[in-house]
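Subject: Handing over a structure

Hello,

Here is the structure I promised to pass on. Please have a look at it before you read my notes.

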Amino acid sequence: QLQLVESGGGSVRPGESLRLSCTASDLTWDYHAIGWFRQAPGKEREGVACINNDSRWTYFADSVKGRITISRDNAKRTVMVEIVNLQPEDTGVYYCAARFPWRLTTVEAMCASNDDMYWGQGIQVTVSS
């Protein structure tokens, strides 16, 4: 089973930026589309950014579009997201997920679902003044 480790979370003030990283040690990394999902208190988990295995396709949720970038370095088995101009509504637990390679789909469909993925343990991001 693919194991994912998130890093880079923490507490920031509104308007600041944050970079999150997701790293795996599995050699099958290159076959997985990767997504970042977040769960705000009292809300369902939502996909905020997804990227396919060769970085050709990306998808961003409307809630973060224009404020987020996603990139991956397959040699380092790492996917990174950077969110700028963070707002209190960005607060939540952020999860890295890797799509099962035998369940191929578009990055948009991946971000719209919580199914057929390996999950990291999640990392807290808090935006507060």
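Below is what was found in it, from the overall layout down to single residues.

**Overall layout**

Please keep in mind that this is a predicted model. The protein chain has one helix and 11 strands. In sequence order, the pattern runs β-β-β-β-β-β-β-β-β-α-β-β. The radius of gyration is 14 Å, close to the 14 Å that the globule rule gives for 129 residues, so the chain is as compact as a globular protein of that length. The C-alpha trace spans about 45 × 25 × 25 Å along its principal axes.

Of the 129 residues in the protein chain, 43% are buried. Consider next the contacts with a sequence separation of 6 or more: residues 24 or more positions apart account for 60% of them.

**Disulfides**

How many disulfides does the structure hold? There are two. A disulfide is a covalent bond between the sulfur atoms of two cysteines.

One joins cysteine 22 to cysteine 96, with the sulfur atoms 1.9 Å apart. This pair links distant parts of the chain. Cysteine 22 lies in strand E3 (residues 18-24), and cysteine 96 lies in strand E9 (residues 92-99), 74 residues apart. The angle about the S-S bond is -70 degrees, and the link of cysteine 22 and cysteine 96 is left-handed. Both cysteine 22 and cysteine 96 are buried.

The other disulfide is formed by cysteine 50 and cysteine 111, at 2.1 Å from S to S. This pair also links distant parts of the chain. Cysteine 50 sits in strand E5 (residues 46-51), and cysteine 111 in helix H1 (residues 107-111), 61 residues apart. With 110 degrees about the S-S bond, the link of cysteine 50 and cysteine 111 is right-handed. Cysteine 50 and cysteine 111 are both buried.

Number the bonded cysteines in sequence order, and the pairing reads 1-3, 2-4.

**Nonpolar cores**

Which residues have the most contacts inside the largest nonpolar core? They are Leu4, Leu20, Trp36, Ile68 and Ile70, in a core of 30 residues. The elements that give two or more residues to this core are E3, strand E4 (34-39), E5, strand E7 (68-73), strand E8 (78-83), E9 and strand E11 (123-127). E3 gives the most, with four residues.

Take leucine 4. Leaving aside neighbours within four places in sequence, leucine 4 is in contact with residues including Cys22, Cys96, Trp29, Tyr118 and Trp119.

**Around E5**

Is E5 mostly enclosed or open? Five of its six residues are buried, so E5 is largely enclosed by the rest of the structure.

E5 pairs with E4 in the antiparallel sense, over five bridges. Isoleucine 34 stands opposite isoleucine 51 in E5. The hairpin of E4 and E5 has six residues between the strands. There, glycine 42 takes a positive phi near 80 degrees.

E5 also pairs with strand E6 (residues 58-60), again antiparallel, over three bridges. Isoleucine 51 has threonine 58 in E6 as its bridge partner. The hairpin of E5 and E6 has six residues between the strands, and serine 55 takes a positive phi near 70 degrees.

**The four-stranded sheet**

In what order do the strands of the open sheet run? The order of the four is E1-E3-E8-E7, with antiparallel pairing. Strand E1 (4-7) and E7 are the edge strands, each pairing on one side only. Neighbouring strands of this sheet are turned by 15 degrees against each other on average, direction ignored.

E1 and E3 pair over four bridges, in the antiparallel sense. Within that pairing, valine 5 stands opposite threonine 23 in E3.

Best wishes

Technical notes. Residues numbered from 1 in each chain as written. Predicted model: local features only at pLDDT ≥ 70, side-chain atom pairs only at ≥ 80, totals over all residues. Heavy atoms only, no water. Disulfide = S-S within 2.5 Å. Buried < 20%, exposed > 50% of the residue type's maximum accessible area, 1.4 Å probe, protein only. Core = buried A, V, L, I, M, F, W, Y, C linked by side-chain atoms within 4.5 Å. Contact = heavy atoms within 4.5 Å. Pairing = 2+ DSSP bridges. Axes fitted to C-alpha atoms, helices over the stretch in contact; angles between N-to-C directions. Rg over C-alpha atoms; globule rule 2.2 N^0.38 Å.
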